[in-house]
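Here is a short briefing to read alongside the structure below. Take a moment to turn the model around before going through the notes.

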Amino acid sequence: MDRMADKEVLGGAAAGSLRLGVKEIALCGLFGALGAILMMFRFPIPFMPPFMSFDLSGLLEMIGGFMMGPVAAVMIILVKILVQVVTTGTKSAMTGELQNFILSCCYVLPAVLIYDRHKTRQRAIAGMAVGTVVCALVAVGTNIYIIIPFYVNLMGMTWEGIIGMCAKVSPLMKDVTTMAIFGIIPFNLIKYGITSVLTLIVYKKVSRPMKEFMRK
């Protein structure tokens with residue numbers, strides 16, 4: 001696929017804009033609400049930490065970011081989390097929602113910023129690959145040093161209990177280090193790798209009618 005064709009497939013007229021019009025804001029709200037719906041169908045991945053769940057809400061965040069830029073991507077993430085909290089509440093004292101926001105931004109923003117400089121399919125693929133790796137690495141730090149300690153203290157649990165939960169689904173996870181190597185990193189690589197592949201498959205079909213809507 002040549003450069004012009006790539007732009008047609010993954011080019012967004014508003015991708016580099018830091019200002020959003022009324023229609024773009026409306027789309028952010030729509031994408032965020034749909035993302036919250038997708039989060040209702042989340043599920044654990046076998047042999048991965050049981051407190052982590054797979055969902056495809058990142059698909060809408062990435063599509064929206066490619067179409068309308070980084071500001072829109074962050075708005076979609078915020079709307080998704082807000083709608084999710086309002087409709088279903090929080091089961092983790094907001095630690096899960098904080099983690100979701102951090103990791104969603106770590107996945108989407110590098111991809112959108114890399115793609116925004118040269119709007120080609122290759123740049124989109126490279127951006128999503130970078131975002132996936134960054135997200136997986138950041139997830140280790142946020143889980144071990146922020147999210148899990150906060151949750152443990154709040155809920156009266158222990159690190160031994162967390163590791164025990166992980167060991168039940170995979171004997172490879174025996175301590176914090178092995179939980180990161182065999183649990184946190186592969187989970188995020190799988191989750192956001194699948195999301196990236198699906199983005200490449202559906203972006204063209206979704207973005208064209210949306211861009212037509214924005215042009216009217």
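## Pocket, core and a few residues to look at

Helix 5 supplies the largest share of the lining of the largest pocket, with seven residues. Please keep in mind that this is a predicted model. The notes below go from that pocket to the nonpolar core, and then to some individual residues.

**The largest pocket**

- The space in the largest pocket comes to about 910 Å³.
- Its lining is made up of 36 residues, and those nearest the centre are Arg 42, Phe 51, Met 52, Ser 53 and Gly 96.
- By class, the lining holds 16 polar, 13 nonpolar and seven charged residues.
- At least two lining residues come from each of helix 2, helix 3, helix 4, helix 5, helix 6 and helix 8.

**The largest nonpolar core**

- The largest nonpolar core counts 44 residues, and the ones with the most contacts inside it are Met 62, Phe 66, Met 67, Met 68, Tyr 107, Met 179 and Ile 184.
- Each of these helices gives the core at least two residues: helix 2, helix 3, helix 4 (70–88), helix 5 (95–117), helix 6 (121–155), helix 7 (159–169) and helix 8 (176–215).
- Helix 6 is the top contributor to this core, with eight residues.
- What does Met 179 touch, once residues up to four places away in sequence are set aside? The list for Met 179 is Phe 51, Ile 148, Trp 159, Ile 162, Ile 163, Cys 166, Met 173 and Ile 184.

**Asn 143 in helix 6**

- Asn 143 sits in helix 6, and its relative accessible area of 5% means that this residue is buried.
- Beyond its neighbours within four places in sequence, Asn 143 is in contact with Phe 51, Met 52, Gln 99, Ile 148, Pro 149, Trp 159 and Ile 184.
- Two of these contacts, Phe 51 and Met 52, are also among the residues that lie nearest the centre of the largest pocket.
- Lys 23 is 120 residues from Asn 143 along the chain, and their C-alpha atoms are separated by 36 Å.

**Cysteines**

- How many disulfides does a search of the whole structure find? The search finds zero.
- Cys 106 is in no disulfide, and the nearest cysteine sulfur, in Cys 135, is 6.2 Å away.
- Cys 106 counts as buried because its relative accessibility is 16%, under the 20% cut-off.
- For Cys 166, the closest cysteine sulfur also belongs to Cys 135, but at 17 Å it is too far for a bond.
- Is Cys 166 buried or exposed? With 1% relative accessibility, Cys 166 counts as buried, and this cysteine is one of the residues touched by Met 179.

**Phe 47, in a loop**

- Phe 47 is found in the loop between helix 2 (22–39) and helix 3 (57–68).
- Although Phe 47 is not a glycine, this residue has a positive phi of about 70°.
- Phe 47 counts as exposed because its relative accessibility is 58%, over the 50% cut-off.

**Ile 37 in helix 2**

- Ile 37 belongs to helix 2 and counts as partly exposed, at 40% relative accessibility.
- Ile 37 and Thr 87 are 50 residues apart in sequence, while their C-alpha atoms are 9.8 Å apart in space.

Methods: Residues are numbered from 1 along each chain as its sequence is written. This is a predicted model: local features need pLDDT of at least 70, side-chain atom pairs count only at pLDDT 80 or more; totals for chains, interfaces and linings use all residues. Side-chain values use heavy atoms; hydrogens and water are left out. Helices (H or I, at least four residues) and strands (E, at least two) are DSSP runs, numbered from the N terminus. Buried means under 20% relative accessible area, exposed over 50%, partly exposed in between (1.4 Å probe, protein chains only). A nonpolar core is a set of buried Ala, Val, Leu, Ile, Met, Phe, Trp, Tyr and Cys residues joined through side-chain atoms within 4.5 Å. Contact means heavy atoms within 4.5 Å. On a 1 Å grid over the protein atoms alone, a cavity is a set of points where a 1.4 Å probe fits but cannot get out, and a pocket is an open set with protein on both sides within 12 Å along at least five of seven lines; lining residues have an atom within 4 Å of a point. Grid points are joined across faces, edges and corners, and a volume is the space filled by probe spheres set on the points. Ala, Val, Leu, Ile, Met, Phe, Trp, Tyr, Cys and Pro count as nonpolar, Asp, Glu, Lys and Arg as charged, and the others, Gly among them, as polar. A disulfide is a pair of cysteine sulfur atoms within 2.5 Å.
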